[in-house]
Amino acid sequence: MKITIMGGTGYIGQGILSALAQDRYNYELTSLSRSGAKNHTNLVDPVNYLAVDLTKPGHWQTVIDSSDVVVDCVGIFLPSKRKNTSYQKNSIDPAKTVIDELMAKTTQTRFVFIAANNAPWPLKNYMKAKEEVIDYGVEKLDNRFVAVYPGMVYDKQRILNFIPGVLLHFAIYGLHLNFLKKYRPVKRQKFNQEMLQIIKQQSSALTNKIS
């Protein structure tokens, strides 16, 4: 099975690639990102890291077209004027570009989109960007489009989200503050295993959004 991860050099993408590489199934793994393997640590072997620009035609199209599954981990949490980033440029447009490519060139390739179950009000535009991609993907690809709805994916590797993730998990399952369930904290290892199931077309709770 050929699997391509958009944004495979990021926190979420690298975790998924690592889980796929350790799985007994013999996957052909490719990562598409702006930087490729340059200036990144903890790269996963034997992933093929490619530096691409999704705004321009290129080799990435051949990679996408020949994939069985494309997983979209591209995007930003918050826009930055200093870095010249925006939800439209860095989250919505890359997804729509690849969805258009798959709609035009393939009939079987599945597109798995890492959405979000919920987020606090200050991140309303982050959620709107996710929802825009979901609406577009369902319209263009129908049942080939799969949305995944984690909340905070936390791990000791990132202390800034590990502590909030642990506290949120305790608040929900220890203190039974059920109104916080919509923020759906998920340990990174658990998330990676759920992604394996989704890629294999097995059932996963994370494909169902909770309120």
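Visitor: Before anything else, what does "buried" mean here?
Guide: A residue is buried when its relative accessible area is under 20%. Over 50% makes a residue exposed, and anything in between is partly exposed.

Visitor: And how much of the protein is buried by that rule?
Guide: Of its 211 residues, 49% count as buried. Keep in mind that this is a predicted model.

Visitor: What is the protein built from?
Guide: It has six helices and eight strands. Along the sequence they follow the pattern β-α-β-β-α-β-α-β-α-β-β-α-β-α.

Visitor: Why call it compact?
Guide: Its radius of gyration is 17 Å, close to the 17 Å that the globule rule gives for 211 residues, so the protein is as compact as a globular protein of that length. Along the principal axes, the C-alpha trace spans about 50 × 35 × 35 Å.

Visitor: What about contacts along the chain: how many join residues at least 24 apart?
Guide: Taking contacts between residues at least 6 apart in sequence, 67% join residues at least 24 apart.

Visitor: On to the sheet. Which order do the strands take?
Guide: The order is S3-S2-S1-S4-S5-S6, six strands in an open sheet with parallel pairing. S3, residues 48–51, and S6 are the edge strands, each pairing on one side only. On average, neighbouring strands in this sheet are turned by 20° against each other, direction ignored.

Visitor: What holds strands of a sheet together in general?
Guide: They pair through backbone hydrogen bonds, and the pairing can be parallel or antiparallel.

Visitor: Give me one pair. How many bridges join S4 to S5?
Guide: Four, and S4 and S5 run parallel. Valine 70 stands opposite phenylalanine 111 of S5.

Visitor: Which strands does H3 touch on the sheet?
Guide: H3 packs on the sheet and touches S1, S4, S5 and S6, with its direction at about 165° to that of S5. Another helix, H6 (residues 188–199), lies across S1, S4, S5 and S6 and runs at about 160° to S5.

Visitor: Stay with H3. How many residues does it have?
Guide: H3 covers residues 87–105, which is 19 residues. From first C-alpha to last it reaches 26 Å, close to the expected 27 Å.

Visitor: Where is the kink in H3?
Guide: At aspartate 93, shortly before proline 94; the kink is about 35°. Proline 94 is one of the buried residues of H3, a list including Tyr87, Asn90, Ile92, Val98 and Leu102.

Visitor: What do those buried residues pack against?
Guide: Strands S1, S4, S5 and S6, together with helices H2 and H4.

Visitor: And H4, what covers its buried residues?
Guide: The cover includes H3, S5 and S6. Among the buried residues of H4 are Tyr126, Met127, Val133, Ile134 and Leu141. The 18 residues of H4 should span 26 Å at 1.5 Å a residue, and the end C-alpha atoms are 25 Å apart, which agrees.

Visitor: What comes just after H4?
Guide: Aspartate 142, with a positive phi of about 55°. Most residues other than glycine have a negative phi.

Visitor: Which other residues have a positive phi?
Guide: Histidine 176, at about 60°, and arginine 184, at about 40°.

Visitor: Change of topic. Which peptide bond is cis?
Guide: The bond from aspartate 45 to proline 46, with omega near 10°. Most peptide bonds are trans. Proline 46 sits in the loop between S2 and S3.

Visitor: Last one: where is serine 33, and what does serine 33 touch?
Guide: Serine 33 is in strand S2, residues 28–33. Leaving out residues up to four places away in sequence, serine 33 touches Thr9, Leu50, Ala51 and Val52. Serine 33 is buried, as its relative accessible area is 9%.

Methods:
Residues numbered from 1 in each chain as written. Predicted model: local features only at pLDDT ≥ 70, side-chain atom pairs only at ≥ 80, totals over all residues. Heavy atoms only, no water. Helix = DSSP H or I, 4+ residues; strand = E, 2+ residues; numbered from the N terminus. Expected span 1.5 Å × (residues − 1). Bend = angle between axes of the 7 residues up to and from the residue. Buried < 20%, exposed > 50% of the residue type's maximum accessible area, 1.4 Å probe, protein only. Contact = heavy atoms within 4.5 Å. Pairing = 2+ DSSP bridges. Axes fitted to C-alpha atoms, helices over the stretch in contact; angles between N-to-C directions. Rg over C-alpha atoms; globule rule 2.2 N^0.38 Å.
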